[in-house]
Amino acid sequence: MNNPKPTNFDPPTSDPQRTGTQSDSRILRTAKVMMVDDEPITLEVVRAFLEDAGYRNFIVTSEPKEAMDLVASERPDVVLLDLVMPEVSGFDILKAMRADATFRHIPVIMLTSASDAATKLQALELGATDFLGKPVDPSELILRTRNTLAAKAYVDRVTYFDSLTGLHNRQMFVDHMDWTLRQVERYNRAGALLHINIDRFKNINDALGPALGDQLLKAIARRFSECIRTSDTLGQIDDKRTLPSLSRLGSDEFAVLLGQIDKTESAAIVAQRLIQAMTPPFNIGGRDIFATCSIGIAVFPADGKERDAVLQRAAIALHVAKQRGGNTHCYFSKDLNDRSLQYLSLQTDLRRAIDRNEFQLFYQPKIDTRSRQLVGAEALLRWNHPERGMVGPFEFIPVAEETGLIVPIGAWVIEEACRQITAWQKNGLAPVKISVNVSGRQFRENNFLATVRGALGQSAVDPEYLQIELTESILMQNASENIRILGQLKDLGLRLSIDDFGTGYSSLSYLGQFPLDELKIDRSFLKVIDDKATRKSAPIVVAIIALAHSLDLSVVAEGVETEAQWKFLHDQECNECQGYLFGKPVPVADFTALLSGKIRLRA
C-alpha cells in the first residue's frame, strides 16, 4: 500500500497536544511548499509573501508539465496550484494527483481569478482543498496556507505516528522507505535497514502486565531515539532527509532506516550502539528490568532494490541473530538466504507430515541393570520424508518448537505410543513401559492434560505403562505450577520421569516435591567412565544415584556404550540402562520382534 509522505514534523514527545505558537513555528521550519503557475511574476510574489511569514522550504515551477515529476520526487506538504495554464491545466494536475494513491492526500490550494460557482465546484469534485483568488491577498494566503498545513499536521500525527511511543508508525516507515529506495537509485547511494526485535519481550510483558510492558516500550523508544540523534557514524550528510529515522513497526518491533551510508560497516556501528543503549536496566514500576535486543541488517541496493525484498532479508538476518541467543546483530547474506529457504521448505513439509503419515516412532530398549533383561523402551520420533528419506530429530525438532508444530506432533507421539502399547498387549506380548519425551512448549499448553487423557481413553491403555519424560530445565521453570500439573498427570495413573538430570539448574528443595517415579542420568556423565580412566564423573554419578534412591526414585542411565560403564552402574545399583551397548533405536517391527523373543538384545 502506498501512502503520502507526511509533513516533516518531529514526532510528538510527552505531550502530543502542542500550543498554537509551537505548531506554527514547526510548520514554518519544516513544511515544504510547492507552487505551480505559468506566470513567473505570480510565483515571485507568492513566494515573497510566504518568506516574509517565515516559510523557507519551496519547490517552484512555471512549467506545468514538470509538476507531477516534482510532486513525485520532492513530496511537498502543500501545493499552491494555478487553475488556468496552457497545455496542462490545474485541473489536469489535480486530477492526476488524486488518481495516484501516493499523492492523493497532499492538500492542494487552487489559485484562480475565476469567481463562477461551476469552476469552483468542478475543482472541489476533483479534490481541491481550498481556493485563493487572484490577485493574491498576502494575509489570506498566509492564513489559508497555515490552516491547511496545521490540519494536515494533525491528521499526520494520528495517521503516521505511533500513539504509544511517538515514533513513526509502520505506515510512515513504508512511505519513507519507498522514498529512500528511489533516492538511493537516483543518486547512486547506499543505505541500510536495521530490523530490531526486543528479546523475550513476551515473557517480560507477561510478568509485568500490559501497562508496565507499555512503559518499558516507551523507555526503549526513548533510548533508541537518543542513540539515533547522537549518532555520528554516517559522516557528513547534506540532505537532512537521509538522516537515520526510527519507526515502531508494531508490538516489540522497531526499524532504523539509514538513507545514506558511506560503507557497509556503518550500519553495524549504529546497530552496536542500539544494543549498548539497552545495557543499563530500565526502572519500570519501581523495579529494575533488564532487556536486550536483536538486530537484522539488510544493505540496499546490494541486498535488494524493492521494499519487500529488503524487508524480507532484514527479517532473515534478524531471525539468525535471535537464533544466536539475541543481544547481537547480523548482516544478511546469500548463505543466510539459502538457509532461510531451506528452513521454510522444511517448515512447509513439516506441516504436511502428520496428515501424510510420515512420522514414525522408533524404540530404544531399556534394560534392567542387574538381569540385563528388557523392561521397557524410550519412544523416539523419526520423520520419513518422501524425498529426503529419514530425517533425524536434531534437524526438524527445533523447527517444530519454533513454529509451534511441536504441539500437534507431540500429541501424535503420545497417541501413537498408547496405541502401540495396546496393540502389543492384544497380541499377547509381555507388557513393558514406554517413555515419551514431552517438550516444554507442549507441556505448557492449556490442553496438554486433555490431550493425554484423550490418548489414554482412545487406546484403552493401562496408564501405568505410559511414562512421560520432562527435562530438568522444563520442570524448574515455574516449578510450583508444574508441581500441580504433574500431580494431575499422576492422578491419571501415569509414570513421570525427569530427563537429562544434572545438566539443568535443579533445586533440591523442589525435586523432593515433584511427584516423580524416575530420574535419568544424562549421558554426558558416563563418557569418561571406563576401566582405565580416572573416572572424573564417577563421584557425580554416585551422588545422583544415592540422591534418587533417597527420594524413592528409580534411576536410569542413558548413553551406556561400554561394558565398563555397565559394570560401574551395576555396582552402584543403578536400576536401568539404555544405550548402544544394548541396542539402538529400532522401528516398531524390530522392537516387536524383541518383545516376542524372535531376536535378542545385544547383551
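K520 is buried at 0% relative accessibility, where buried denotes under 20% relative accessible area, exposed over 50% and partly exposed the range in between (1.4 Å probe, protein chains only). K520 forms a salt bridge with E378, the closest N and O atoms being 3.0 Å apart; a salt bridge is here a side-chain nitrogen of Lys or Arg within 4 Å of a carboxyl oxygen of Asp or Glu. The pair links distant parts of the chain, with K520 in strand β19 (residues 518-521) and E378 in strand β14 (residues 374-385), 142 residues apart. E378 is likewise buried, its relative accessible area being 5%. Strands (E, at least two residues) and helices (H or I, at least four) are DSSP runs numbered from the N terminus.

The model is predicted: local features require pLDDT of at least 70, and side-chain atom pairs count only at pLDDT 80 or more, whereas totals for chains, interfaces and linings use all residues. Residues are numbered from 1 along each chain as its sequence is written, and side-chain values use heavy atoms, with hydrogens and water left out.

In total, the structure holds 26 salt bridges. One of them joins the side chains of K322 and D199 at 3.0 Å, N to O. Because K322 lies in helix α11 (residues 307-323) and D199 in the loop between β6 (191-198) and α8 (201-208), this pair ties together parts that are 123 residues apart in sequence. K322 is partly exposed, at a relative accessible area of 33%, while D199 is buried at 3%. A further salt bridge connects K366 with E576, whose closest N and O atoms are 4.0 Å apart. K366 belongs to strand β13 and E576 to strand β21 (residues 576-578), 210 residues apart, and the pair thus links distant parts of the chain. Both K366 and E576 are buried. Salt bridges with shared partners join K366, K433, E518 and E576 into one network.

Aromatic pairs number 9 in the structure; rings of Phe, Tyr and Trp (its six-membered ring) pair if their centres lie within 6.5 Å, and planes under 30 degrees apart count as stacked, over 60 as edge-to-face and the rest as tilted. The rings of F359 and F396 form a tilted pair, since their centres are 5.9 Å apart and their planes are at 45°. F359 lies in strand β13 (residues 359-368) and F396 in helix α13 (residues 393-403), so that the pair ties together parts 37 residues apart in sequence. Both F359 and F396 are buried. F443 and F448 pair edge-to-face, at 5.7 Å centre to centre and 70° between the planes. F443 counts as buried at 1% relative accessibility, as does F448 at 3%. Ring pairs link F359, W383, F396 and W412 into a cluster.

Charges also sit over rings, a term that requires NZ of Lys or CZ of Arg within 6 Å of the ring centre and within 35 degrees of the ring normal. The charged end of R382 sits over the ring of F362, 5.7 Å from its centre, and that of K584 over the ring of Y580, at 5.2 Å.

F224 is located in helix α9 (residues 210-229) and counts as buried at 0% relative accessibility. Beyond its neighbours within four places in sequence, F224 is in contact (heavy atoms within 4.5 Å) with I196, I198, L246, F254, L274, M278 and C293.
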